[in-house]
Amino acid sequence: MNVPRNLAKSSLLASIIFWTIIGSKEFDLDLIPIVMLSYIPIFLCVIIVVVGSICPFYWSAKNDIFTKAQIFKTCFPYYTCIAFGLCCYGIFASDCDLYFSAFCISAYITTNQSWVWFAKEDKITSILTALNNQEDN
Amino acid sequence: MKNLIIIIASFLFSILFYDRAIGLNLSIFSLVTIVFLVIYNPDTFKNKTILLQTFAYVLSAIFVFINHSSLAIIANCAAFFTLVGAVSQSSTSIYVQWFNGIYTSIAGFFHRNFDVNDEAKRVDFKKYIDYLHMAKLIGIPLVFITLFILLYKNGNPIFNDLVSKIDFNFINIQWFLFTILGYYLYSNISKPVQVEPATSIDLKTGNELYQSNDFSEEKLKKEKQLGTTLLGFLNLLLVFYIVTDLLSMSSIKTTVASELSNHVHGGINTLIASIIIAIGIILYFFRGDLNFYTKNKTLKNITFSWIALNIVLIILIAFKNQIYITSFGLTYKRIGVHIYILLTLIGLITTILKVIKIKNLTFLFRRNTQVTFVVLIICSMINWDSHITKYNLTKAKAFDIDYLINLSNRNAIMLNELKEDLTISQENKNRISTKYRSHMKDLSQRNWQEWNYELIANLDKFDKTKN
């Protein structure tokens with residue numbers, strides 16, 4: 001499992017979504033240094049969420065019989081439904097506060113995409129191997 | 001072509017919902033969704049189950065427009081998830097359809113993104129790299145140009161002035177993001193997905209109960225004796241309780257609200273405990289081979305009599321609740337008690353069917369969740385606020401005007417019409433007038449997306465309110 005690569009991609013995705021939502025309401029060029037700096041706390045949040053809530057599924061369940069694809073198909077639906085419920089609750093509880101809503105939406109989309117990236121690692125590896133074989137032939 | 005349909009649907013989604021409250025828009029959205037699902041899944045709409053679910057969805061959409069209540073909106077959402085779930089797999093239980101529907105609506109895109117065909121992926125892989133390159137080509141220069149504009153802005157006042165004059169306010173990014181949300185939703189439901197292995201397990205699970213291989217008459221005889229003794233005593237106890245309850249009912253003073261309230265709520269608590277334990281015990285004894293034991297007639301009869309006694313208990317509670325309603329009027333809690341009683345009665349009937357027809361636990365879950373869904377749809381068809389107000393003011397022996405004023409605005413017009421005939425204080429009459437004016441003002445300011453039946457039916461009253 002390539003956790004650092006996943007974390008880098010996820011934190012970038014989370015930053016883009018978070019600031020796109022905020023920028024849609026209040027955009028100011030002076031905010032750009034804050035946007036750059038915010039990558040650090042966002043990265044920390046992504047580490048906590050991805051390593052704390054997604055990686056354990058792959059670490060605990062992956063073996064010769066149970067592939068990443070199977071883990072994804074079995075666990076992801078329940079994970080996403082719970083995450084969606086929590087994010088919706090958070091948004092309503094915060095009375096649709098812009099920053100908290102942006103946080104919840106970016107967290108939801110990022111965790112979902114992170115699941116897909118982890119699950120696709122095997123597939124992409126196999127596709128690349130197949131492409132290399134085709135080129136060799 | 002099909003992508004174009006999703007884009008059109010997502011624009012419609014934005015036009016209907018962006019910065020608007022719920023009203024006519026949800027009804028139109030429901031119809032658009034049905035057309036959209038038919039276009040994408042024409043074959044599945046030949047199935048009777050799906051046609052029935054579509055009918056329920058249309059019905060709930062109509063009643064969102066007519067009643068404009070939270071319950072109608074909840075029922076509409078439930079019908080939406082059921083329909084999407086049924087399109088994904090129509091033969092599953094309704095609770096699996098809900099799950100499939102919710103999963104498809106919120107994460108179908110991610111599921112399909114993962115679940116693409118490997119062969120197709122191989123062909124598209126280079127294309128994917130091109131997209132990535134294009135994203136880099138646009139994204140990286142954009143980031144650096146913004147960064148350098150920011151740097152140069154502080155170094156040159158004329159450049160700063162020019163940059164400050166650039167106004168992007170004509171672009172509504174929020175509207176654009178909302179349209180993307182619409183695109184995401186329609187893209188998700190265009191090809192409904194299934195939760196596995198929940199769907200396949202449910203499809204494999206039938207409703208029938210089968211005799212096991214280790215069928216032992218000796219063991220079943222003992223179990224039957226235990227069941228007969230336990231249920232026999234419970235029957236006696238319940239008969240005794242019902243007799244005492246009937247005696248206590250004759251002494252209830254219908255003029256004392258607290259006494260009636262205690263009777264109903266005490267009864268409901270007894271009912272909840274009794275029914276849960278009753279169904280639990282019955283399910284335990286009829287979980288397996290006892291259903292196929294030839295000498296189980298006595299146990300079955302005692303079970304039926306116990307269910308019948310529980311039904312009598314339900315009728316008694318319903319009767320007490322009705323006395324409460326007649327004396328002190330309708331409230332949401334009192335209506336809730338009646339609905340709970342109805343659901344409990346249906347639960348007991350399905351338990352009888354389970355025992356008679358030798359069905360398993362899944363049968364009970366399936367039937368009861370179906371009934372709950374139907375009850376939800378039916379309840380959403382009723383304008384409860386209006387019914388409560390009308391009943392309390394015209395038929396009940398006493399009413400609580402504070403409760404009626406504090407209900408949602410959907411009874412404002414009726415309250416205003418009836419207020420002169422009521423013997424209430426001037427202060428309460430003023431509160432009703434304020435509520436009415438505020439409601440009419442709210443109705444008159446609504447956009448077409450937020451319209452509902454109440455608004456159209458009272459168009460003539462707006463001018464009077466303004467005056």
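Two residues are in contact if their C-beta atoms, placed from the backbone, lie within 7 Å. Keep that cut-off in mind for this tour. The model is predicted: local features need pLDDT of at least 70 and side-chain atom pairs count only at pLDDT 80 or more, while totals for chains, interfaces and linings use all residues. Residues are numbered from 1 along each chain as its sequence is written, and chains are lettered from A and ligands numbered from 1 in the order in which they are written.

**Stop 1: where the chains meet**

Select chains A and B together. Their contact takes 22 residues from chain B and 22 residues from chain A. On the chain B side, colour α5 (94-114), α6 (118-155) and α8 (173-190), the elements that give two or more residues. Helices here are DSSP runs (H or I, at least four residues) and strands likewise (E, at least two), numbered from the N terminus. The largest share of that side, nine residues, comes from α6(B). By type, the side of chain B that touches chain A divides into 14 nonpolar, three polar and five charged. Ala, Val, Leu, Ile, Met, Phe, Trp, Tyr, Cys and Pro count as nonpolar, Asp, Glu, Lys and Arg as charged, and the others, Gly among them, as polar.

**Stop 2: chain A**

You will find five helices and zero strands. Of its 137 residues, 27% count as buried, meaning that 20 or more other C-beta atoms lie within 10 Å of a residue's own. Pick residues 3-25 next, which form helix α1 of chain A. Its buried residues include A:N6, A:F18 and A:W19.

**Stop 3**

**Stop 4: a helix pair in chain B**

Finally, select residues 297-328 (α12) and 332-356 (α13) of chain B. These helices pack at an angle of about 170 degrees, with their axes 10 Å apart. The pair is therefore roughly antiparallel, a label for angles over 145 degrees. Residues making the contact include B:F304 and B:I311 of α12(B) and B:V337 and B:L345 of α13(B).

Methods
Axes fitted to C-alpha atoms, helices over the stretch in contact; angles between N-to-C directions. Parallel < 35°, antiparallel > 145°, perpendicular 65-115°, else oblique. Expected span 1.5 Å × (residues − 1). Buried ≥ 20, exposed ≤ 12 C-beta atoms within 10 Å, placed from the backbone.
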